[in-house]
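User: I'd like to go through how one part of this fold is packed. Can you take it a question at a time?

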Amino acid sequence: MAELDGPEVALAIVDRLAEALAGYHAYHATRADLLRRLGRSRQSRAAYDRAIELAGNTGETAYLTRRRDQLR
């Protein structure tokens with residue numbers, strides 16, 4: 001959706017899944033990326049932080065941490 005209709009449309013769709021996917025790290029990582037694309041760095045960082053908390057292994061944690069640390 002983000003590639004076709006833009007990150008704002010995709011974020012609206014993803015946000016509707018919040019209740020069902022709140023405990024899933026990929027949900028928060030997806031939100032973080034969409035928020036980053038929209039220039040909402042503070043919110044993106046918070047979403048990455050939550051994804052990092054929920055990540056299941058060190059590889060995912062390292063990747064998400066790098067992505068978060070690339071934010072301006």
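Predicted model: local features only at pLDDT ≥ 70, side-chain atom pairs only at ≥ 80, totals over all residues.

User: How do helix 4 and helix 6 pack, roughly parallel or roughly antiparallel?

Analyst: Helix 4 and helix 6 pack with their axes 11 Å apart, at an angle of about 20°. Angles under 35 degrees count as roughly parallel. So helix 4 and helix 6 are roughly parallel.

User: Which residues of helix 6 make that contact?

Analyst: Helix 4 passes helix 6 in a left-handed crossing. From helix 4, the contact uses His25, Ala29, Asp33 and Arg36. Sorted by class, the residues of this contact are two nonpolar, one polar and four charged. On the helix 6 side, they are Glu60, Leu64 and Arg67.

User: And helix 4 with helix 5: roughly parallel or roughly antiparallel?

Analyst: Here the axes of helix 4 (residues 25-37) and helix 5 (residues 41-54) are 8 Å apart, and the angle is about 160°. Angles over 145 degrees count as roughly antiparallel. So helix 4 and helix 5 are roughly antiparallel.

User: How many nonpolar residues are in the contact of helix 4 with helix 5?

Analyst: The crossing of helix 4 and helix 5 is left-handed. Helix 4 brings residues including Ala29, Ala32 and Leu35, while helix 5 brings Ala47, Tyr48, Ala51 and Leu54 among them. The contact also has four polar and four charged residues. The nonpolar count is seven.

User: Is Asp33 buried or exposed?

Analyst: Asp33 sits in helix 4. Leaving aside neighbours within four places in sequence, Asp33 is in contact with Tyr48 and Arg67. Buried means under 20% relative accessible area. Asp33 has 17% relative accessibility, so Asp33 counts as buried.

User: What covers the buried residues of helix 4?

Analyst: The buried residues of helix 4 include His25, Tyr27, His28, Arg31 and Leu34. Their cover includes helix 1 (2-5), helix 2 (7-15), helix 3 (18-21), helix 5 and helix 6 (58-69).

User: How far apart are the end C-alpha atoms of helix 4?

Analyst: Helix 4 has 13 residues, and at 1.5 Å a residue they should span 18 Å. The model agrees with that, as the end C-alpha atoms of helix 4 are 19 Å apart.

Conventions: Residues numbered from 1 in each chain as written. Heavy atoms only, no water. Axes fitted to C-alpha atoms, helices over the stretch in contact; angles between N-to-C directions. Helix = DSSP H or I, 4+ residues; strand = E, 2+ residues; numbered from the N terminus. Parallel < 35°, antiparallel > 145°, perpendicular 65-115°, else oblique. Left-handed = near helix turned anticlockwise from the far one by under 90°. Contact = heavy atoms within 4.5 Å. Nonpolar A, V, L, I, M, F, W, Y, C, P; charged D, E, K, R; others polar. Expected span 1.5 Å × (residues − 1). Buried < 20%, exposed > 50% of the residue type's maximum accessible area, 1.4 Å probe, protein only.
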